[in-house]
Amino acid sequence: MDHELMLELFTRVKELELRVERLETPFAESAASARGVRKESRLGIKYRNLTRYLKNSGKEREELSFLELEEILGFSLPPSAYRYREFWANTERPLSNAWMSAGYRLRGVDIRSKTLVFEQND
């Protein structure tokens, strides 16, 4: 498969994932609102277990396998996480916001060995 086609497919998958997240967000927010949860804590509700884990780890550097991350999150990662390094960018997306709000940056991704390296911000 050529590089341009792979990029096009990746872009389309990302767009679909964002649409799904937008569809899920109102349900998560309304449920949180019904429980009296503040708006700030509703942001990234799907990935809050990762934020908590990293905040509580106390480590400057945290290495996790994809499987360990799925166990922390409580659900499976999407197929694109296993295929595309770009999935793991330190950008303004719910998953990356989970580690960035805990004070970490993703410093390394190895798709072959399915491992991640997080480091605390300076």
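Ile-72 touches Asn-49, Leu-50, Tyr-53 and Leu-64, leaving aside residues up to four places away in sequence. The model is predicted.

Student: Where does Ile-72 lie?

Tutor: In helix α4. One of its contacts, Asn-49, is 23 residues away in sequence, yet the C-alpha atoms are 6.2 Å apart.

Student: Is Ile-72 buried or exposed?

Tutor: Buried means under 20% relative accessible area. Ile-72 has 18%, so it counts as buried.

Student: Which residues of α4 are buried?

Tutor: Phe-66, Leu-69, Glu-70, Ile-72 and Leu-73. Start from the general idea: an α-helix has 3.6 residues a turn, so residues three or four places apart point the same way. Now the case here. Viewed down the axis of α4, the buried residues fall within an arc of 160°, so they line one face of the helix.

Student: What does the face turned away from the buried side carry?

Tutor: The exposed residues Leu-67 and Glu-71.

Student: What covers the buried residues of α4?

Tutor: The cover includes α3, β1 (61-65), α5 (79-83), β2 and β3.

Student: And after the helix, which residue follows α4?

Tutor: Gly-74 follows, with a positive phi near 90°.

Student: Let's turn to the core. Which residues of the largest nonpolar core touch the most other members?

Tutor: The general idea is that in soluble globular proteins, nonpolar side chains tend to be buried together. In this model the largest nonpolar core has 22 residues, and Leu-50, Trp-88, Trp-99 and Leu-116 touch the most other members. At least two core residues come from each of α3 (48-57), α4 (66-73), α6 (94-101), β2 (104-110) and β3 (115-120).

Student: What does Leu-116 touch?

Tutor: Setting aside residues up to four places away in sequence, Leu-116 touches Glu-62, Glu-63, Leu-64, Phe-66, Leu-69, Trp-88, Leu-106, Gly-108 and Val-109.

Student: How many bridges join β2 to β3?

Tutor: There are 6, and the two strands run antiparallel.

Student: Why does Lys-114 count as partly exposed?

Tutor: Partly exposed covers the range between buried, under 20%, and exposed, over 50%. Lys-114 has 38% relative accessibility, so it counts as partly exposed.

Definitions and conventions: Residues numbered from 1 in each chain as written. Predicted model: local features only at pLDDT ≥ 70, side-chain atom pairs only at ≥ 80, totals over all residues. Heavy atoms only, no water. Core = buried A, V, L, I, M, F, W, Y, C linked by side-chain atoms within 4.5 Å. Buried < 20%, exposed > 50% of the residue type's maximum accessible area, 1.4 Å probe, protein only. Helix = DSSP H or I, 4+ residues; strand = E, 2+ residues; numbered from the N terminus. Contact = heavy atoms within 4.5 Å. Pairing = 2+ DSSP bridges. Arc of directions from axis to C-beta.
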